[in-house]
Amino acid sequence: MRTRRRAAIALLLPASAAAALTLTACSSGVDDGPQVDWASGVCESIQDIGAKLALPALDGKKPRQSHTRIVTFLDALADQLAVLDRKMTQNGAPPADSGEVTYRKALAHLREARLTLAESLAELRQAKVTDTKSLQAALDRAVAGIDKAGAYQGPAQDFRADRELRKAFDKAPECAGLPGANATATAPSAG
């Protein structure tokens, strides 16, 4: 049961990290154009947010405490997704030929994930947890929404679907090894 709770929550971590890829860009010092500068800033942001979200330690012998920790974690994740939404809205589309279309798609997917998470969080927050059985029941009720939110790969997936932006992510040194980064790009390109 403890493993299942951790697995359900862990599903949300890739989504939160990948979603962080939509944050505002700042100059990376890499002179490969505005797309690479944009991608560099986004990946710098992911490192900051990743440090703020830590999977909670759960104890099957302390169901109320575990419930509180899960809700606290999901609250923090919801807050981060809200920040991403605000920053995406403020910053607009990435500097690419099809940036506006890609941006709108990424924003729509982010908002759908936020709504799904909010619904699951509200249900989980209101659950009366008194023992391990009631905690498991609460998680079982929320798991469909958690699974759906956990399946969300984040705006990076939408941005990387654009060939021009994918190249920018591959070139930006700050993106190496982060969620949404090209798995085949092990090192930044020289040049």
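1. Lys171 belongs to helix H8, which covers residues 163-171. The model in which this placement is made is a predicted one. The relative accessibility of Lys171 is 36%, and Lys171 therefore counts as partly exposed, since that class lies between the limits of 20% for buried and 50% for exposed.

2. Lys171 is also one of the residues that form a patch of positive charge on the surface; Arg163, Arg166 and Lys167 gather there with Lys171.

3. Helix H4 runs over residues 63-91 and contains 29 residues. From its first C-alpha to its last, helix H4 reaches 42 Å, close to the expected 42 Å at 1.5 Å a residue.

4. Helix H5 comprises the 28 residues 99-126. Its end C-alpha atoms lie 40 Å apart, which agrees with the span of 40 Å that 1.5 Å a residue should give.

5. Which residues of H5 are buried? They are Gly99, Thr102, Tyr103, Ala106, Leu107, Leu110, Ala113, Thr116, Leu117, Ser120, Leu121 and Leu124.

6. For the protein as a whole, the secondary structure amounts to 8 helices and 0 strands. Read from the N terminus, the order of elements is α-α-α-α-α-α-α-α. The protein has 191 residues, of which 44% count as buried.

Notes:
Residues numbered from 1 in each chain as written. Predicted model: local features only at pLDDT ≥ 70, side-chain atom pairs only at ≥ 80, totals over all residues. Heavy atoms only, no water. Patch = residues over 30% accessible without salt bridge, like charges linked within 9 Å, V, L, I, M, F, W, Y side chains within 5 Å. Areas by Shrake-Rupley, 256 points an atom, 1.4 Å probe, with all protein chains shown as cover. Salt bridge = Lys/Arg side-chain N within 4 Å of Asp/Glu carboxyl O. Lys, Arg positive; Asp, Glu negative; His and termini not counted. Charge placed at Lys NZ, Arg CZ, Asp CG, Glu CD. Helix = DSSP H or I, 4+ residues; strand = E, 2+ residues; numbered from the N terminus. Buried < 20%, exposed > 50% of the residue type's maximum accessible area, 1.4 Å probe, protein only. Expected span 1.5 Å × (residues − 1).
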